[in-house]
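Let's take a walk through this structure together, starting with the overall layout and then zooming in. Keep the 3D view open as you read.

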Amino acid sequence: MAEQQEQAAPDAMMTRIGQVIMLHHGGDREEARSRFLDLWAEIGEDGDPLHRCTLAHYMADTQDDPSDELAWDLRALSAAEELTDGRIAEHHESLAVRAFYPSLHLNLAADYVKLGRTEAARTHLRRARAAIGALGDDSYGDGVRAAIGRLELRLDGDGTPGSGEGPGSLGGPGSSGGPGGETLGPPRRRS
């Protein structure tokens, strides 16, 4: 019985990360960045890859400098490459590592567009497009596919970052949680 309770217990670090995500979505970007940094120090560079991937993925959105945003998104991708479906299933049975990649690569492509690195943006956009088969046929998947399409159109235009769109306008549909609103890990909301 105790073993079943342990398996059903929520992941305390993911809960804490989720609380900071909610703080950020509530508009307190500076406080969210500060709390994410504290959690990052606690997790460590070699900590649980799900924690690192999720935190870095969302931490990128709190950055003012596009180079810093890119660095955090690269950390998220690196951590995702260490993840296993078994580890993710411990957190939420409906997730798979492959479903993280469309959003991770889309966000990297958007970062590279902001930095004027069109070829790197195209590379990650191709990777995002190649990975979309892992997305569900739901509003989240539809949103990510649409965001990929928008960025493709933008890059097929003149490839410049300035098109009158605000930060994060390239992102997906805004689903950052699962049943009950818990944080599932990437993909992140880009609004």
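**Finding your way around**

The protein chain has nine helices and zero strands. Follow the chain from the N terminus and the elements simply read α-α-α-α-α-α-α-α-α. Keep in mind that what you're looking at is a predicted model.

How much of the chain is tucked away? Of the 191 residues in the protein chain, 49% are buried. As for how the chain meets itself, take the contacts with a separation of 6 or more: 62% of them join residues 24 or more positions apart.

Now for the inside. The largest nonpolar core holds 47 residues, and the ones touching the most other members are I17, F36, L55, F100 and L106.

Helix α7 covers residues 101-114, and helix α9 covers residues 139-156. Their axes come within 11 Å and cross at roughly 30 degrees. Angles under 35 degrees count as roughly parallel, and α7 and α9 are therefore roughly parallel to each other. The crossing of α7 past α9 is left-handed. On the α7 side you'll find P102, S103, L106, A109, A110 and V113, and they meet Y140, V144, A147, I148, L151, R154 and L155 of α9. Sorted by class, the residues of this contact are 11 nonpolar, one polar and one charged. L106 turns up in this contact and also among the core residues that touch the most other members.

Next, look at α7 together with α5. Here the axes come within 9 Å and cross at roughly 155 degrees. Angles over 145 degrees count as roughly antiparallel, which means α5 and α7 are roughly antiparallel to each other. This crossing, too, is left-handed. From α5, the contact uses P66, E69, L70, D73, L74, A76, L77 and A80, while α7 brings Y101, L104, H105, N107, L108, D111, Y112 and K114. By class, the contact of α5 with α7 has 10 nonpolar, two polar and four charged residues.

Note on methods
Residues are numbered from 1 along each chain as its sequence is written. This is a predicted model: local features need pLDDT of at least 70, side-chain atom pairs count only at pLDDT 80 or more; totals for chains, interfaces and linings use all residues. Side-chain values use heavy atoms; hydrogens and water are left out. Axes are lines fitted to C-alpha atoms, for helices over the stretch in contact, and angles run from 0 to 180 degrees between N-to-C directions. Helices (H or I, at least four residues) and strands (E, at least two) are DSSP runs, numbered from the N terminus. Angles under 35 degrees count as roughly parallel, over 145 as roughly antiparallel, 65 to 115 as roughly perpendicular and the rest as oblique. A crossing is left-handed if the near helix is turned anticlockwise from the far one by less than a right angle, and right-handed if clockwise. Contact means heavy atoms within 4.5 Å. Ala, Val, Leu, Ile, Met, Phe, Trp, Tyr, Cys and Pro count as nonpolar, Asp, Glu, Lys and Arg as charged, and the others, Gly among them, as polar. A nonpolar core is a set of buried Ala, Val, Leu, Ile, Met, Phe, Trp, Tyr and Cys residues joined through side-chain atoms within 4.5 Å. Buried means under 20% relative accessible area, exposed over 50%, partly exposed in between (1.4 Å probe, protein chains only).
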